[in-house]
Amino acid sequence: MFAINYILYFQAGLGVLANMFLLFFYTFIILVHRSKPMDLISCQLTFVHIVLVLTGGDIWLTDVFESLNIENDFKCKATFYMNRVMRGLSICITCILSVFQAVTISPSTSLLAKFKYKLKQYIIYAFLFLWFFNLSFSSNGIFYVGAFTNVSETNQMKVTKYCSLFPMNYIIRVLILTATTSRDVFLVGVMLTSSAYMVIILFRHQRQCKYLHSLSHLKASPEKKATVTILLLVVVFVVMYWVDFIISSTAVLLWMYHPVILTVQKFVMNAYPTITPLVQISSDNRIINMLTNLWSKRYRSY
């Protein structure tokens, strides 16, 4: 069990460091250079993922609360609520990222082309709405989570070292699960639809480039590289999301959490926030060029 905990800590540490690097990079680009709307979306996503990893289970933030002598009940409600909000924002912003890229690469003759400039204008309003929506949507969890007690007759379901879910009416449990599932299924459906559209666009573009004998241009296209990156992120998200969904929904309906299953779920929950920044760093030419220049300057100084 200790080995598994070390793996979780390593995964969380890697995820936080990679996301913090990206957050500083995108903040610098937005404040100093001429940024793209995609940079603003990615900046939001990295911030959300930092908080998501820090509030995921018994990692770091709970230790900070413990060192401050904050009572367990408040600690549980705060971390659980923040984690639920960030989880919802993660799926929403990933959906926006996918839709925005689909609109960006759409041909000028398509119906989506007229939304290219409108999306840039309303992106801030979209973020404000998403934050308000998820802060409100996840507020019900505050009433059903709290500090774990040893009183057996309360039929609590322990979900972290200090926290547990309190018993709730089965109908309420099903309603909450149905509302969450409906939101997530809709957003995943939008992601998959926009991803399928991007695949079709890339396939048509590749076929046209073959006719024009300029396949090398396609390989060097920044739009194609960004699209492939987002498609990869969507695939990773959908796979990890459904694994997490199956585990969590089964546990809530059966009101039973095995420690091993809980550990696997923590690993799955942190997989997407950890993989995302690594994929973005390796695919963004600006970051690669910056790191290459820094390395070459350091090498010359020696």
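Leaving aside neighbours within four places in sequence, Leu 187 is in contact with Ile 91, Cys 92 and Cys 95, where contact means heavy atoms within 4.5 Å. Leu 187 lies in helix α6, residues 170-211. Helices here are DSSP runs of H or I with at least four residues, strands are DSSP runs of E with at least two, and both are numbered from the N terminus. Because its relative accessibility is 11%, Leu 187 counts as buried; buried means under 20% relative accessible area, exposed means over 50%, and partly exposed lies in between, with a 1.4 Å probe and protein chains only. The C-alpha atoms of Leu 187 and Ile 96 are separated by 9.2 Å, although these residues stand 91 residues apart along the chain.

The model is a predicted one, in which local features need pLDDT of at least 70 and side-chain atom pairs count only at pLDDT 80 or more, while totals for chains, interfaces and linings use all residues. Residues are numbered from 1 along each chain as its sequence is written, and side-chain values use heavy atoms, with hydrogens and water left out.

The protein chain as a whole contains 10 helices and 3 strands, arranged along the sequence as α-α-α-α-α-β-β-β-α-α-α-α-α. Of its 302 residues, 43% count as buried. Among contacts in the protein chain with a separation of 6 or more, 76% are between residues 24 or more positions apart. The accessible surface of the protein chain comes to about 17100 Å², and 71% of this belongs to carbon and sulfur atoms; such areas come from the Shrake-Rupley method with a 1.4 Å probe, and for residues only the protein chains shown count as cover.

Helix packing can be followed from α4. Helix α4 (residues 72-104) packs with helix α5 (residues 116-137) at an angle of about 165°, and their axes are 10 Å apart. Helix α4 is therefore roughly antiparallel to α5. Axes are lines fitted to C-alpha atoms, for helices over the stretch in contact, and angles run from 0 to 180 degrees between N-to-C directions; under 35 degrees counts as roughly parallel, over 145 as roughly antiparallel, 65 to 115 as roughly perpendicular and the rest as oblique.

Pro 37, Leu 40, Ile 41, Gln 44, Phe 47 and Val 48 of α2 meet Lys 120, Ile 123, Ile 124, Phe 127 and Trp 131 of α5.

Lys 75 is in helix α4 and, at 1% relative accessibility, counts as buried. Asp 244 is in helix α8, residues 222-254, and counts as buried at 6% relative accessibility. Not counting residues up to four places away in sequence, Asp 244 touches Arg 87, Gln 265, Val 268 and Met 269.
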